Amino acid sequence: MTTALFECRNLTKFFPIRSLLRETGRVHAVEDVNLIIPEGGTVGLVGESGCGKTTLARTILLLIDPTSGQVIFRGEDMASRSKRDLRQFRRETAIVFQDPYSSLDPRMLIADVVGEPLVIHKVAFGEDRDNLVLSLLKRVGLEADHMYRYPHEFSGGQRQRLAIARALAADPKFILLDEATSALDVSVQAKILNMLNGLKADLRLTYMFISHDLSVVRHLSDHIGVMYLGRMVEYGTREQVFDTPTHPYTRGLLAAAPSLDPNDRDRPREVVLQGEVPSAVEPPSGCRFHPRCPGRKPECDRVRPELIDIGDGHLVACLPE
Amino acid sequence: MRIPGSMLFSSRYRLRQKRLHPITKEWGLTFYVLRHSMLAVVGGLIALAFLLIALFGSMLAPYDPISANIQDRFQPPSASHPLGTDTMGRDVMSRMLAGAQHSIKAGLIVLAIAVPLGVLLGGIAGLFGGWIDEVIMRVTDMFLAFPSLVLAMAFSAALGPSLFNAMIALSVVWWPMYARLVRGQALAVRETSYVEAARSRGASNWHIMFKHILPNCLSPILVTLTLDMGWVITAAASLSFLGFGAQPPIPEWGRMVSDGRIYMLRAWWMSVFPGLGIVLVVLGFNLLGDGIRDSLDPKLRRLTEVTWKREKTSSSSTD
Amino acid sequence: MEARENLLVVDRLKTQFFTYGGVVEALDEVSFEIERGEIFGLVGESGCGKSVTATSILGLVAKPGKIVSGRVLLDGENLVGKSEQEMNRVRGSRIAMIFQDPTSSLNPLFRIGYQVAEPYIYHQRRAKRQALKDATGILAKTGLPDAVEKSRNYPHELSGGMRQRAMIAMSLTCEPDLLIADEPTTNLDVTIGRQILDLVKDLQREFGASVLWITHDMAVVAQMCDRVGVMYAGTIVEKTDVRTLFRNAKHPYTERLLRAIPSAVKSADKLEEIPGSVPQLIHPPTGCRFHPRCDHVMEICSRVKPLEQEVEPGHTVACHLFGREREGT
């Protein structure tokens, strides 16, 4: 029975929209999300724009303060953390961003970019630090003579490797990968994904992988959460979500993603999602998905569906038949 | 196991070399771009000439810049007095040579006070944001709203007219520009992914400030500094012109322009030459500043790097 | 498959960029044909030259680039070398283009109704009021809800999907023979992107236009295109119909590329990796541009550029593994 590294309870975040100091509206970015990230696992978060996955991830990492709800790390409620706890937390967690061209300080040498966490946590100094950085670079498939160069001399794929090397500095336990391969070509992405899988096994890491690309999420994750307009609508293992998608939105999402089999174009699609994602400022009442839902029932605009376990930990937020 | 000290030294030395190499390469590229801009070279030469005159002017002056020589007064430019003599018979050229140091001193002192002050305040405002930012920026606005020369005049009037007091006064009105500049940069850098990455690993505000914000501000600060040199010299000369800066007999160029004003029709050379001198110096620093701005521009550097590398390899292959 | 006549023939197109640092050989004798009424896909990774192909066809290659040699035949007429005035009559009316980012392709200062009406006014000389009415009509055809109301909106008031519909409407106004679509769904959400894909397919069938669909996404190719050309480093390495491509790809690059894609259906342990990286096109590899990364590389591959060989009817591959080598540069 693996322990939970992270646990979110009723996590909610909204951003107030102010006009002349008065609050005129709210962006309901994340609403009442419960999530467990097991140690050693990879949790994938999927959803389209406005679903709140980015906000959720940053709230979990305490880069944004939640409006309500709890973030629990290793059994400890981070709201009541001490400064020392936070420092340890920051050492054990790291992020890799989407855009490799803006995530490295252009004015710093690679050795300093990758070694920055070592500086922050005073792990090593001078030559020792540079030696540690060298071993990190080798781990991500780069060379010693990359150490004392500037970021602009590297390609997108190499920069992403550097960002990953930086994330690995100071021995983290958890890495948040925020669309980390979305800006890369297919062949480059393949190498990075393989590398991430290898690193996770070698270093016993825990990942959270956010992406809009369903096939990448499927490849990397063992558990997947589907979000829509700030709420978690479905959660389960990779097989549960991809082989037996239950929530109408999940089914629509999977049907919308083009398949690699040309023969599928002749088959009629079972779900075709129409319409746009509504605004997060005035979300639909009741179930957020009801305006677009092909299986809408009369009470769906009044009652908010809770996440129900439909078997083996497969959770779906939809009113039962 | 005891490692002989010499081995430790050499490995640390090698590390320092490895780290220094890319930095010197970047500076090399900067100088290469500068060298190849005609205007930057001209500006640089003017600035350099001015600096040398400021350092050695007093020694180079053929005549005494201070003591009077009444019988030679109002001599037009000639072989013995290339720029003429003034109302007291003093050689204008010698006065200019001796007076350059005052202008440069003014420039350096004002910037030495204004730049660190402005950078610090701007950095704090940009990094922390919120009410700290508001307070500092409103103070900055306040100082910016004052007409600088008027404020400087008020200072001088209160403290007594002298070049030194004029420099204090100018420092007071000069820092806001740097505060604004650095605050803008700080705001931009604060929002970047690499700062977010550093924060996510626990970087303190000081770490962000000194490792990310300030290094990314160096380029604009350097450019503004260079351009400013000329303007501070003009401002100091203006104050002296108005009587609030250098007092006679100090041969400060602005003062000289003022002294020669009433004699314009009779002895134009008294005002015109120092005036032209000021114009030339400002022009020089402006051109140099523009050149430095171009040489630090990433796109231009990327383009020039190719030709620079090609030239280096072809010259080394001919050895 | 009955042979249809060719609407567009690109014949050994060579486009180069004369930059400060050297000559970038962006397109190296690219050749393909698009039949009437078909959707032809041009697929490849970044830097392979697919967007340059589109701009070359339209004569819009940005300086310092220019078309060095080759022909682009639209209904038999060569577009290369035409004057700017002549090309302006082709663009928007006979060939239309939709772009990846509708935000930067729509003018923020004008209402979208007016922008969609512009081609009517410019190419067909319709009166303004009539043009605006027709624009609303075609906007409604693209599935834009409340088209009459929305046509009075400015681009920033609409969502990404709606802007893309506006772009599509604008491109279809003069019923072009050829629509060039340069990654129009890449920046959109999955469900919205799918709506756009379905829309383009329906409209294409209705108007009978041909489509040149440019993308890096093989799955989009699988669902949209009739025939496909795979590009690598400025050359077309394989060309065939879509089912054959996925079932029986022959070029080493295509094979490995297909195996590098994490599929939403299968769950492979390790993805296929192609060693090395995409080459710089300032000094491209000699001979076959893929040879440094190919595991079937032979001696001839670094010397001689492979010509396209037909390995089965309708399926060509540019690789020395197939067919006889011919001497050339």
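Two strands count as paired here if DSSP finds at least two bridges between them. With that in hand, here's a quick look at some strands in chains A and C of this predicted model. In chain C, four strands make up an open, antiparallel sheet.

- E2 (22-35) and E5 (77-78) of chain C are the edge strands, since each one pairs on one side only.
- E1(C), which covers residues 6-19, runs antiparallel to E2(C), and nine bridges join the two.
- If you want a spot to check in that pairing, look at Asn6(C): its bridge partner in E2(C) is Glu35(C).

**E3 in chain A: pairing**
- Strands of a sheet can pair parallel or antiparallel, through backbone hydrogen bonds.
- E3(A) runs parallel to E8(A), residues 206-211, with five bridges joining them.
- In that pairing, Thr42(A) sits opposite Tyr207(A) of E8(A).
- E3(A) also pairs with E9(A), residues 223-228, again in the parallel sense, over four bridges.
- Here Val46(A) stands opposite Val226(A) of E9(A).

**E3 in chain A: burial**
- Which residues lie on each face of E3(A)? Thr42(A), Gly44(A) and Val46(A) are on one side, with Val43(A) and Leu45(A) on the other.
- Both of those faces are covered, and the residues on them are all buried, meaning under 20% relative accessible area.

Terms used. Residues numbered from 1 in each chain as written. Chains lettered and ligands numbered in written order. Predicted model: local features only at pLDDT ≥ 70, side-chain atom pairs only at ≥ 80, totals over all residues. Heavy atoms only, no water. Buried < 20%, exposed > 50% of the residue type's maximum accessible area, 1.4 Å probe, protein only.
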